[in-house]
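Take a look at the model below. Keep it open while you read, and find each place as it comes up.

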Amino acid sequence: MKVTKENLSDIREEYEKAHRLIDEESKNDPPTEPFRSHYTARDVLNSALRKVKTLAEALEPTSEAATTVRCIHANILKDVAKITTFVEEPRGDVLLKEALELIENDRGKEPTINVLIEIFNQLGIMACNVSNFVESKQYLDQAKDMYTETKETELQPLTMADLFGTKEEVEKGKGQKLLESNHTLTLYYLAQVFGFLENLADSARYCHMTLKRQLEYNEYEHVDWALNAATLSQFYFPKNHLAQARHLLAASTFMLNRYETEVVEKLTNEVERAEKEETMRYRMADVGRCWAKYGLHILVTSKERLSMDDEPDEGAPSEPPLTPVKKMDRFTGLDLAAYEDQVTAEFCLTFDDAKLVMLNSLSWLNKAKEYYTKETEASQYAKILQDIASLYKYLAFFEEDDGNQCKLYKRGADQLEEIVEILNATYYQTICREAWYELGLTYSNMLDVKLSQLDEIQSNERPSPQALNKINHLCEKSIRNFKKFVESYKIALDTLELPDSIDEDEMQPILYAYFHIGRLYYRIITPDKRLKLKNTENSLFYYSRFVACCHDERFAQELSVCKEMITLLPLKVQKLKNEITEG
């Protein structure tokens, strides 16, 4: 028996009807019956399957016609499996394996190429969704291998429409286009699977390959593509692949701007246009925050590079130099120079270098604040303020003038003060803790600058009361914020006993807070001996608690200082007591 268009017309009609139900009519399904069109489509496909099976029984199994019918059969089974999974029912994978077995012996023939790759892709997705990542990768690798084999031969893959028609009706190029589209999906899913398998380098590589192919074949949704590119940049810049990260961020911004001109501005429906504009503002704010993280990394790592010992300790493990990686993989067809030229892809050596990076990041964060406002998105707004505070903090490292350095610290502190002012610490405990701790450090850094200035003044003249008040004021502000941080862990300030509920990773900042408070009490300058006694006793108390609670080798230097202080401070306390008694 020969397969004719007439034999397949009823099957084709039902197949196309099912896809109209899935692609179009399902959009109008009521919330009470969200899968109504999919259930109907499955019934229609099952009817088509019965007709296919009847047709197959009348064919010589080894004939070309039988191969075509088996491929139609496998395609329909695959679609039924996809619907079964979509409506949250089991056995989707069973149907896919049935489809695979049906055409396994036809592998290498043109009609099977696309359907086999699609089946392997779907099996990979299903395995990934139930956390069988190794099995998922095996299926996706088979899809990838099939693509490679096809590209190495002169075989012409076919579409489902081609299978329903005659050889003369094959739409030239459509099967090849479907092959490329299916391969892009294979790479996309492999990127996800590598991520779940914690092979982040391969995950990033496959993600980048996917983005390039989506551009090449014009198969992308602007916003999703932009977000994926921006997210991928977050993998590269921590590894100092600065040029690659910047290129991805530039491409992401370029794509969102293209979205505005190619999609948003062409909409005539005001409601739809307003929705798209809101989406663009939202995603541009997110991409802007990624730009800011990129700039912040440059500042942080630049400080680290400049602070490194020129001559590392002998016997210490050797680490690769903190050098930006020049190697990169560019997208073709995108003019990104205007975006990339806004900020460097090198580390900073001078204040002027750092200032340019800082101002670029600050500009992006200020734009992000226009979307994430304190009234609508308090927690995200607070995180933006944290990043702004960090920008000022790291720029201060490069500033050589003490006065200007203090001004930068103060601007950073203002951001953090706003956080604790606008957030309810009960509901936003983690962010408030971070802000209190960072405020304690910032005021302590400002204190160090002021004490350095005081040492210079005292060598020539008597310091003014205003200068001493400023120092004491900074001590008090730093102590107050460190204490709020400590109290947030339900630690009583009169005992400083650590509750059993505190995790090991929370111990480090708490102990640092003890250390800093002990140091700060000792730094307060006062002629009042009774007040000086009280401050010295407080200093001794916090140093003592640090020593009693510290069992971490990472604190070796601080522990040595504290042990020395708790030896010296009792003598100081006794001396002050004697002076008060004698006075």
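## Ground rules

This is a predicted model: local features need pLDDT of at least 70, side-chain atom pairs count only at pLDDT 80 or more, and totals for chains, interfaces and linings use all residues. Residues are numbered from 1 along each chain as its sequence is written, and side-chain values use heavy atoms, with hydrogens and water left out.

## Domains

The domain assignment gives domain 1 (232–305 + 337–395), domain 2 (399–489) and domain 3 (490–582). Such bounds come from an automatic or database domain assignment. The centres of domain 1 and domain 3, taken over C-alpha atoms, are 42 Å apart.

## The cavity

Rolling a probe the size of a water molecule over the atoms shows where empty space is left. Here a cavity is a set of points, on a 1 Å grid over the protein atoms alone, where a 1.4 Å probe fits but cannot get out. Grid points are joined across faces, edges and corners, and a volume is the space filled by probe spheres set on the points.

How many cavities of 30 Å³ or more are there? The count is 1. The largest cavity has a volume of about 50 Å³. Lining residues have an atom within 4 Å of a point. Among those of the largest cavity are Ala389, Tyr392, Leu408, Gly412, Glu438 and Thr442.

Helices are DSSP runs (H or I, at least four residues), numbered from the N terminus. The largest share of the lining, 5 residues, comes from α16.

By class, the lining has 6 nonpolar, 3 polar and 2 charged residues. Ala, Val, Leu, Ile, Met, Phe, Trp, Tyr, Cys and Pro count as nonpolar; Asp, Glu, Lys and Arg count as charged; the others, Gly among them, are polar.

Where does the largest cavity lie? Domain 1 and domain 2 both give residues to its lining, so the largest cavity lies between them.

## The cores

A nonpolar core is a set of buried Ala, Val, Leu, Ile, Met, Phe, Trp, Tyr and Cys residues joined through side-chain atoms within 4.5 Å. Buried means under 20% relative accessible area, exposed means over 50%, and partly exposed is in between (1.4 Å probe, protein chains only).

The largest nonpolar core has 129 residues. Trp225, Tyr294, Leu299, Tyr514 and Phe546 touch the most other members. Follow Tyr294. Leaving aside its neighbours within four places in sequence, Tyr294 is in contact (heavy atoms within 4.5 Å) with residues including Phe237, Leu249, Val343 and Ala345.

## Residues in helices

| Residue | Relative accessible area | Class |
|---|---|---|
| Asn182 | 5% | buried |
| Tyr139 | 13% | buried |
| Gln380 | 21% | partly exposed |
| Lys174 | 41% | partly exposed |

Asn182 is found in helix α8 (residues 174–196). Beyond its neighbours within four places in sequence, Asn182 is in contact with Asn114, Ile117, Glu118 and Asn121. Lys174 lies in helix α8 too. The C-alpha atoms of Lys174 and Asp162 are 8.8 Å apart, and the two residues are 12 apart along the chain.

Tyr139 sits in helix α6. With neighbours up to four places away left out, Tyr139 is in contact with Lys97, Phe120, Leu123 and Gly124. Tyr139 and Thr54 are 85 residues apart along the chain, with 31 Å between their C-alpha atoms.

Gln380 lies in helix α15. Not counting residues up to four places away in sequence, Gln380 touches Arg289 and Tyr372. Gln380 and Glu219 are 161 residues apart in sequence and 32 Å apart in space, C-alpha to C-alpha.

## Two loop residues

Which residue has a positive phi of about 80° although it is not a glycine? That residue is Arg91. Arg91 is in the loop between α3 (64–86) and α4 (92–103). It is partly exposed, with a relative accessible area of 48%.

Ser131 also has a positive phi, of about 65°, although it is not a glycine. Its place is in the loop between α5 (113–129) and α6 (133–152). Ser131 counts as partly exposed, at 48% relative accessibility.

Note on methods:
1 Å grid on protein atoms, 1.4 Å probe; cavity = no way out; pocket = protein on both sides within 12 Å on 5 of 7 lines; lining within 4 Å.
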